[in-house]
Amino acid sequence: MSRAATLPEIERDAPIPTYFKVGGRADRMARPATIEELQACLIAEPDLRVLGDGANLLVDDAGVSELVVKLDHPTFRGVEINESTGVVTAGGGADLAKLIHACVRTGLAGIEGLIGIPASLGGAAFMNAGGSYGQIADAVKSVAALNKQGEIVRIARENIAFAYRTSGLFDLVIIEVELQLTPGDPDAARNRLKEIMDQKARTQPLAAKTCGCVFRNPILRHDLEGIGKAHERVGAGLLIDRAGGKGLACGPCAVSERHANFIETSDGSTAADILCLIEKVQKLVQSRFDVHLETEVVVWRRTS
Ligand SMILES: Cc1cc2nc3c(=O)[nH]c(=O)nc-3n(C[C@H](O)[C@H](O)[C@H](O)COP(=O)(O)OP(=O)(O)OC[C@H]3O[C@@H](n4cnc5c(N)ncnc54)[C@H](O)[C@@H]3O)c2cc1C
């Protein structure tokens, strides 16, 4: 592509919508309408930030100075389902929940376990979203992305370093994900969706403003009675709960009473409140169990 490709319109001082519903703004935001416009953004600013659905994101109150790109134009949200091969090709900006329902309707199984995870497909692939019902890595066939130079790269599943809540796909803008699904019984899949959603509604504060799990589930370095053995991955929520962290608060945001790995924000909460609470919880679990909790939520801070 020519270096003269036009930049999309740039919005100044743009809000960054996140599920926490707190945090600062983007000095500049772009919503490219074509791959060429996205390439132009990368060429102009290789260190830009990609905003997915904002479901796992905490933006510092001071906002960010880098260009933020949002792939919400139809160009990046298309979905193609090949019923006979089970291959589903969808844009990085496609809505994960809608995609799951479309696949279930067509009788293709493989991603229904991800229901209840709010995400763009690109964000889900980047984070390797998942949980006890499976992870997106299990269904990925390949990913197409733009690198920092704006070049298109396609990476096959076997070359992606998927692991617990990470894809290793750093420094890339995911524009398309190819999934390999398998023919299944739509009724069975629909029942599974319902079961999972019922289970989540019982155990998670779904109506609250949260980012899902704030902390990664740690691998224990030593046995913890009643919690787990050394080298096992255990629930961060269980550790926080056992340490007495439920209800801990900073300003108007608090550790959820329903699920201790969720932080709920209320009117008047700021990103600083959430960051303060994250630190409080980390200190509590460190002092009680000698375990360091790393954040799963991605934090954007102003760098200049
Ligand atoms: C109620 C609730 C429940 C949740 N439950 C779960 C759960 O069970 N399991 C789970 O794994 N997560 C869960 N989450 C967290 C969140 O849904 C996932 O992490 C999801 O994958 C985030 O996707 P997103 O599009 O919102 O990404 P964002 O939050 O917008 O961004 C997250 C990261 O992905 C990067 N990114 C986004 N899009 C792209 C792209 N196209 N290319 C490259 N990088 C990109 C961003 O730059 C950022 O670093 C939950 C969140 C909520 C609010």
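Proline 32 is found in the loop between strand E2 and helix H1, where helices (H or I, at least four residues) and strands (E, at least two) are DSSP runs numbered from the N terminus. The model is a predicted one, in which local features need pLDDT of at least 70 and side-chain atom pairs count only at pLDDT 80 or more, while totals for chains, interfaces and linings use all residues. Residues are numbered from 1 along each chain as its sequence is written.

Proline 32 counts as buried because it has 24 C-beta neighbours inside 10 Å; the cut-off for buried is 20 or more other C-beta atoms within 10 Å of the residue's own, with exposed meaning 12 or fewer and partly exposed lying in between, and C-beta atoms are placed from the backbone. Leaving aside residues up to four places away in sequence, proline 32 touches Pro8, Glu37, Leu38, Cys41, Val69 and His73, a contact being a pair of residues whose C-beta atoms, placed from the backbone, lie within 7 Å.

Helix H1 itself spans residues 35–44, and its buried residues are Leu38, Gln39, Ala40, Cys41 and Leu42. The cover over these buried residues includes strand E2 (25–30), strand E5 (64–70), strand E11 (140–146) and E13.

The chain is divided into domain 1 (10–70) and domain 2 (77–188), bounds that come from an automatic or database domain assignment. Taken over C-alpha atoms, the centres of domain 1 and domain 2 are separated by 22 Å, and the contact takes 12 residues from domain 1 and 11 residues from domain 2. On the side of domain 1 that touches domain 2, H1 gives the most, with 5 residues, and the residues of that side divide into 8 nonpolar, 3 polar and 1 charged. In this classification Ala, Val, Leu, Ile, Met, Phe, Trp, Tyr, Cys and Pro count as nonpolar, Asp, Glu, Lys and Arg as charged, and the others, Gly among them, as polar.

Strand E6 (residues 79–82) pairs with strand E7 (residues 87–91) in the antiparallel sense over 4 bridges, pairing being assigned if DSSP finds at least two bridges between two strands. Valine 79 stands opposite alanine 90 in E7, and in the hairpin of E6 and E7, with 4 residues between the strands, glycine 86 takes a positive phi near 80°. E7 is also joined to E13 by 5 bridges, the two running antiparallel, and threonine 89 has glutamate 178 in E13 as its bridge partner.

The largest nonpolar core has 79 residues, and those with the most contacts inside it are Val69, Leu114, Ala124, Ala125, Val173, Ile174 and Ile274; such a core is a set of buried Ala, Val, Leu, Ile, Met, Phe, Trp, Tyr and Cys residues joined through C-beta atoms within 7 Å. Helix H6 (residues 271–289) gives the most to this core, with 6 residues.

Around the ligand there are 33 residues, of which the closest are Gly52, Asp53, Gly122, Gly123 and Gly212, a residue being near if its C-beta atom, placed from the backbone, lies within 6 Å. The elements that give two or more residues to this shell are strand E3 (49–51), helix H3 (121–127), strand E9 (130–131) and strand E13 (173–180), and H3 gives the most, with 5 residues. By class, the shell has 19 nonpolar, 11 polar and 3 charged residues.

Terms used: Contact = placed C-beta atoms within 7 Å.
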